[in-house]
Amino acid sequence: MPSTAVGLIGKKIGMTHVFDESGNSVPVTVIQAGPCPVVQVKTEENDGYTAIQVGHESIAKHKVNKPENGHFKKAGVQPTRRLAEFRISSTDGFDVGSELTVAQFQAGDAINVQGRPIGKGFMGVTKRHHFARGAMSHGSKSHRLPGSIGAGTTPSRVYKGQKMAGRKPNRVSTVKNLQVVSVDTERNLILVKGATPGSNGTVLRITPTGKVMK
C-alpha cells in the first residue's frame, strides 16, 4: 500500500472526551471506519481519471442485483452495502481486493469528514433565514411574520428563490480540517477532535487533506 493516505467510509459511533498530555479535556467524535476493500482501480487510460473505488459494510450476495454481483465477483471481494470513489494522483501500489484500514492515519492528521446532518424540520423565516422580527409591542401584528413576498400588479407572482418559511433539509455537508486525536487499529476506530455531521450511525466519508495539525 502507498504511504499516502486514501479516504475511507465509516459510521459515526458517538461522542466522548479524552485527556491530552496537559490534562485538558478534548471532545472527540468516535468513527468506526473500514476496513474498506478496494473494488476497482480506475486509471487515466481506461476511465479518463485516476481513482480508487472502495466498498463498505459487507452484505450477502442475494442482497445485490446481478450486475453488482458481477462487479464484486470480478474484484474477488464480498459484496458491500455501498461504494465510494476517492480521486488520487497515482494508483501505484493499490491492488484490487486489498483492504484499506485506519492504520493509514495517525494522530495529528487533518481530515475532511462528509455526511448528512440531522434535519431540522419545518421552520419560519426568522429561524431559517435570520429575518429580523417585528415590534413586540401590544399593537403590533407582525412579530415573526415574513412580510411582503412581492408586488401585486407587477410581477403578480412570487419570484423563484424567494426566502420563505419551509423545511430545513439535511443536505450533505462537509466539516473540513478536523484533527485526528488517536487511532485504534484493533477496533477500526478513529477519534476526531470536534463534531461531525449527523446522528449516531450516520455514514461518513473521510478524506485526508495531506496536512498535519499541531
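**Exercise 1.** Identify which residues gather in a patch of positive charge on the surface, and decide whether R144 is buried or exposed.

*Solution.* The patch of positive charge on the surface brings together K120, K127, R133, R144 and K168, where Lys and Arg are the residues counted as positive. Patch members have over 30% relative accessible area and no salt bridge, and like charges are joined within 9 Å, while a salt bridge would be a side-chain nitrogen of Lys or Arg within 4 Å of a carboxyl oxygen of Asp or Glu. This is a predicted model, in which local features need pLDDT of at least 70, side-chain atom pairs count only at pLDDT 80 or more, and totals for chains, interfaces and linings use all residues. Residues are numbered from 1 along each chain as its sequence is written, and side-chain values use heavy atoms, with hydrogens and water left out. Next, R144 is placed in the loop between α3 (125–129) and β9 (166–168). Finally, R144 counts as exposed because its relative accessibility is 53%, the classes being buried under 20%, exposed over 50% and partly exposed in between, with a 1.4 Å probe and protein chains only.

**Exercise 2.** Find which residues make the nonpolar surface patch, and classify V158.

*Solution.* I149, V158 and M164 make a nonpolar surface patch of about 200 Å², for which nonpolar side chains are joined within 5 Å. V158 is found in the loop between α3 and β9, and V158 counts as partly exposed because its relative accessibility is 37%.

**Exercise 3.** Locate R171 and state how far apart R171 and G115 are in space.

*Solution.* R171 lies in the loop between β9 and β10 (173–184). R171 and G115 are 56 residues apart in sequence, and their C-alpha atoms are 8.5 Å apart in space.

Conventions:
Accessible areas come from the Shrake-Rupley method with a 1.4 Å probe; for residues, only the protein chains shown count as cover. The place of a charge is taken as NZ of Lys, CZ of Arg, CG of Asp or CD of Glu. Helices (H or I, at least four residues) and strands (E, at least two) are DSSP runs, numbered from the N terminus.
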